[in-house]
Amino acid sequence: MNRHRLFSCLLLLFLLASCGREKEEYGEEYIPGFDDNQSARKGIDMDETTLYIKEWEHQIVYCADVETGDLYPLCAKPDCDHKNVKCNAQIPLNPGLCYYQDRLIASDGVKVRYLRMDGSGSEEIGKFADAEYTGTMCESIVHRGYAYTGNTLFGNNEVAAKIMRLSIESGESEVVFELSWPYGETGIVQGFGIGNLCGNGSKVYFTANHKEGEEIRTEIYCFDTKKGKTSRIYEGAWQWATCLRNGKWYWQTETGVYCWNPETEEERCLYAFAEYPGWKEYMEIYQDGFIIREYDPVVLRFYDWEGNPVAQMDFPATEPMHFSVEGNFDSYLVCRYLKEDKKNYSYAVMDTGRLGEASPEWIFFEFEE
């Protein structure tokens, strides 16, 4: 066999192997929002032009049209004031929202329900197996027909965590993974337990934070939905804002923003914080990279996935300590902020595809008192 034929055969084998891996992960066709989901979305989600927001004061789901600027509750009940549990758009405290396959799914870490898109109310789908209400915020996603959540319980001598999933069609539920850590005299810390769920193809990933002596450590686990097995793929320093993009992991620690390549196991720093620990700078994610958010005053600095600066802008928040980036949907960046003397949060949306413009336009949504 000459070298040209050998090269052609090797190239063909590589392409076939690549196609096989792609089909194994995504099937015949990749579907955004079905094959990749992140739990960093905090009570909001979006379809093509409508942002679904949980209004915090009365726990009502609103629809925000980013093309017209209209804001209205997902409730068709006549004469409803949208301020109590009788409102069709009312959902329990601290749910995760997911717009999935033309349905709006809400999960509070124990029960899962869907809201009818015609504003006629909600319907319970089911309850997670062995789930209990806790004081911790439960992360949740809906991925490939299942709602996933993490539950963390604190006992006398240990922290017990579990990952559960529930079929959004049948309501049947199961525990897919459990783990525990002793904490004894080291106490309970913020961020302890399960967090940062991420669905990508046939895999569901999650992080688990725990203490080893006085040091906080983070582990990343992978649940293979086809094999029904969970394996640990990473263990290192305490991290948050963890996300998977383009086959690589990005996260923030106390010292900066890092990228980890699971194939080469290389971990490199993309951005180092000026102070240690970096409590005044926080990593957020947008469509084309990451954001470093500062506060008092609020400044957003945009970087690409390699850590190169892209843009910088101030945000007119009157209460800087009550500002957060809530999520990114396609190119829409969603921020939540509190105005002075206001009880309820307002929202601002920007198309990050227009970052190159001199002054990108924000669309503001403010709830009535």
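E326 and R336 are both buried in this predicted model. The two residues form a salt bridge with each other, the closest N and O atoms being 3.7 Å apart. E326 lies in strand β26 and R336 in strand β27, so the pair ties together parts that are 10 residues apart in sequence.

**The sheet that holds this pair**

Strands β26 and β27 belong to an open sheet of four strands, in the order β26-β27-β28-β29 and with antiparallel pairing. At the edges stand β26 (323-329) and β29 (362-365); each has a single partner strand, so one side of each is left without a neighbour in the sheet. On average, and with direction ignored, neighbouring strands here are turned by 20° against each other. Six bridges connect strand β27 (residues 332-337) with strand β28 (residues 346-351) in the antiparallel sense. Within this pairing, V334 is found opposite V349 of β28.

**A second open sheet**

Another open sheet is built from four strands in the order β10-β11-β12-β13, again with antiparallel pairing. Its edges are β10 (140-143) and β13 (173-182), each with a single partner strand, so one side of each is left without a neighbour in the sheet. Strands β11 (residues 146-154) and β12 (residues 158-167) run antiparallel and are joined by nine bridges. A147 faces L166 of β12 across this pairing.

**Salt bridges**

The count of salt bridges comes to 14. Three of them are set out below.

| E326 | R336 | 3.7 Å |

E174, at 36% relative accessibility, counts as partly exposed.

R217 lies in strand β16 (residues 215-224) and E235 in strand β17 (residues 229-237), so the pair ties together parts that are 18 residues apart in sequence. R217 is buried, its relative accessible area being 16%. E235 counts as partly exposed at 27% relative accessibility.

**Strand β16 and its two partners**

Nine of the 10 residues of β16 are buried, so this strand is largely enclosed by the rest of the structure. One of its partners is strand β15 (residues 203-212), which runs antiparallel to β16 and is joined to it by 10 bridges. N209 stands opposite T218 of β16. Two residues lie between the strands in the hairpin of β15 and β16, where G213 adopts a positive phi near 70°.

Strand β17 also runs antiparallel to β16, through eight bridges. In this pairing, Y234 of β17 is the bridge partner of I220. The hairpin of β16 and β17 has four residues between the strands, and G228 takes a positive phi near 70° there.

**Cysteines**

Zero disulfides are found in a search of the whole structure. C80 is in no disulfide, and the nearest cysteine sulfur, that of C87, is 3.9 Å away. The cut-off for a disulfide is a pair of cysteine sulfur atoms within 2.5 Å. C80 is buried, with 16% relative accessible area. C87 is also in no disulfide; its nearest cysteine sulfur belongs to C75, 3.8 Å away. C87 is buried as well, with a relative accessible area of 4%.

**The chain as a whole**

The protein chain contains one helix and 29 strands. Of its 369 residues, 50% count as buried. Among contacts between residues at least 6 apart in sequence, 40% join residues at least 24 apart. The chain exposes about 18,700 Å², of which carbon and sulfur atoms supply 47%.

Definitions and conventions. Residues are numbered from 1 along each chain as its sequence is written. This is a predicted model: local features need pLDDT of at least 70, side-chain atom pairs count only at pLDDT 80 or more; totals for chains, interfaces and linings use all residues. Side-chain values use heavy atoms; hydrogens and water are left out. Buried means under 20% relative accessible area, exposed over 50%, partly exposed in between (1.4 Å probe, protein chains only). Contact means heavy atoms within 4.5 Å. Accessible areas come from the Shrake-Rupley method with a 1.4 Å probe; for residues, only the protein chains shown count as cover. Two strands pair if DSSP finds at least two bridges between them. Axes are lines fitted to C-alpha atoms, for helices over the stretch in contact, and angles run from 0 to 180 degrees between N-to-C directions. A salt bridge is a side-chain nitrogen of Lys or Arg within 4 Å of a carboxyl oxygen of Asp or Glu.
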